[in-house]
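The sequence and structure come first.

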Amino acid sequence: MFQTTRRRLALWYTAVTAILLLLFASGMYWYVRNTLIERIDDTLNHVVEIVGRSLVIEPISPESGQRLNIEASFRDNADTVDDDRIDLEWFSPTGELLWSTFTEPLDIPLHPNRTGETVQISHHQDVETPSLLTPHSSLLLRQVTERIQIGRQVLGYLRVSHPWFEVTKPSQQLAFDLILGIGLMLVSVALCGWFLSGKAMEPVKDSYQRLKQFTADASHELRSPIALIQTNVQVALAELDSAGGQGAGSLKYGQQLKVVERLTKRLGRLVDDLLFLARQDSGIVQPQFSACPLDALLMEVVEEQQFAAAEKKIKIFLDLTAPTETETEDDWFTLQGDWNQLARLFTNLIGNAIHYTPEGGEIRVELQHISTNKELFSSPLTPRSSLLSSRLQVKVKDTGIGIPETALPHLFDRFYRVDPARTHATASQAVQASTGSGLGLAIAAAIVANHQGQITAESTLGQGTIFTVTLPASGDA
C-alpha cells in the first residue's frame, strides 16, 4: 500500500512538473521563433530603405516621365546584399522581372507586401547564387515586396528575399535543446519525487505500523480477560444449576448470566477476528504452507457444520467434480496452503450461508478441478503438463435471502454489513443479520489473497448467493 502511494506521489510530481516544463518550453520556443522572424523582417525592410535611397532615376522626357537606371542602381548593391544572404529582384511596373541576384528566376507570383511573408518555391530549382541558396537548401524564403514610385508614377517593384533556414535552423536547435533539457529535468524530478515521497511517507508508515501493532497487542491482551469472564460466567451458571434454584430471583439471575455469556462469546469472536486481521496486516504470523487435500478439508468443514444446519433443517451437499482427462490422479484436489486458514475460510463461508438461509433451505458446496491452456503448443516435443494451468474452484451456493446488488462491491470491506431493511427478509432474519461483526468476509478475502487466489460473490434477492473461491493447484502457486 505504501509503495503504491509512493509511486503515485512520484508520478504526480513528475506529471505536474512535465506540464509546467512543456508550457514553459512552448512559450520559450514561440517567443524565440517570433523574435527571429521579426528580426529578419526588420532586416529586409532596412534593406528596402537603403536600396530605395540608392536608386538612380533618370528623366526621359517631360511627357514620358522618369525611368530607373538598373545597372547604376544595383551595381553597388549586389556585393553588399550577398554578404547578408539577401537576394534582390527588380520588376517592371507590369510585373516583368528585369534584374535579379538569382541565376534563375523564381516561380513565385509578385505580391506587394511590406509586412513580410513566407513563400515556398513551387519546384526544386537548380539555383547557384552567392546567397547560398543551393539545391540542398530550404525551399522556403522570407520576402518583402515594395512598390517604388515617384508621385503617381510607378517605377517598378523591389522584392527582397532572405533564406528561411535562418529561422528554422536555430528553431530546430532550440527545440532539440529544450527537449533534451526537459527529458533530463523530468528524470531528475522523478528521482527527487521518489526520494521526497519516501520521506513524506515515513511518518505515515511509522504511525500505521504502530497502529497495527497496537491493534494486535490490544486484541491479544483482550483475549485473556474475556476468557476469564466467560469461564466465571459458566462456573456461576453451573453452580446455579447444581443448587437447583427455582425462585424468581434465581431465574432472573440465570437469564442475565446467559446473556452475559452470549455477549462474551460474541466479543471473543470479534477479538479473534481483529487479532487475525492485525497479524495479517503486520506480517507477524506467516501462513504455514504444505500439501493440503482440499476435498478432505471440505468434508471436515461440512461435517462440523452439519449440526448447526440440522437445527434450522437445512441440507448441506458436497459435490466433487474431477477433470475430464482419461488419466487418473490421486491429488487432483491438492494445493499448497495453510490447513487452518483454509478451514477458517470455508467455515466462514458455509457458516454465513447457514446463518442467512431460512429453515428448510439448501446449501451446496461444489469443488471442481479446472485445467486451462497457458499457451499454444510450440513444438510436438513440448510436455503437455507445462502448457496447462490447474485451478481448484469452490462454490458455496445457498437458497438464502440474498444480497442487494449495490452491496456486492463492498461485501469484503471490513466492518461492512448489509442493511437488513434492504434485503426484503423477514423480521427474524433481519435481527439475525444485524448480529455479525462484518469481519468474516474480510477474513475470507485476506486468506484467499494469502493463497494467491480470487474470491467473488453473486447474488439475487430472495433466491440466494453464490461465493466462488479459485485457488491455484499444486505446482501453480
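## Terms and model

A crossing is called left-handed if the near helix is turned anticlockwise from the far one by less than a right angle, and right-handed if clockwise. Helices (H or I, at least four residues) and strands (E, at least two) are DSSP runs, numbered from the N terminus.

This is a predicted model, in which local features need pLDDT of at least 70 and side-chain atom pairs count only at pLDDT 80 or more, while totals for chains, interfaces and linings use all residues. Residues are numbered from 1 along each chain as its sequence is written, and side-chain values use heavy atoms, with hydrogens and water left out.

## Packing of α7 and α9

Two packed helices are described by the angle between their axes and the distance between the axes. For helix α7 (residues 339-355) and helix α9 (residues 440-450), the angle is about 145 degrees and the axes lie 9 Å apart. Axes are lines fitted to C-alpha atoms, for helices over the stretch in contact, and angles run from 0 to 180 degrees between N-to-C directions. The crossing of α7 and α9 is left-handed.

Residues of α7 in the contact (heavy atoms within 4.5 Å) include Leu 342, Arg 344, Leu 345 and Leu 349. On the α9 side, Leu 441, Ile 443, Ala 444 and Ile 447 are among them. The contact residues of the two helices comprise eight nonpolar, five polar and one charged. Here Ala, Val, Leu, Ile, Met, Phe, Trp, Tyr, Cys and Pro count as nonpolar, Asp, Glu, Lys and Arg as charged, and the others, Gly among them, as polar.

## Salt bridges

A salt bridge is a side-chain nitrogen of Lys or Arg within 4 Å of a carboxyl oxygen of Asp or Glu. The count by this rule is five. In one of the salt bridges, Arg 364 meets Asp 319 with an N to O distance of 2.8 Å. Arg 364 lies in strand β11 (residues 362-373) and Asp 319 in strand β9 (residues 315-321), 45 residues apart.

Arg 364 also forms a salt bridge with Glu 362, at 3.3 Å from N to O. Lys 397 pairs with Glu 366, with their closest N and O atoms 3.3 Å apart. This pair links strand β12 (residues 388-398), which holds Lys 397, to Glu 366 in β11, 31 residues away. Shared partners join Asp 319, Glu 362 and Arg 364 into one network of salt bridges.

## Exposure of the partners

Buried means under 20% relative accessible area, exposed over 50%, and partly exposed in between (1.4 Å probe, protein chains only). Arg 364 is partly exposed at 24%, Asp 319 is partly exposed at 27%, and Glu 362 is partly exposed at 32%. Lys 397, at 27%, is partly exposed, and Glu 366, at 24%, is also partly exposed.
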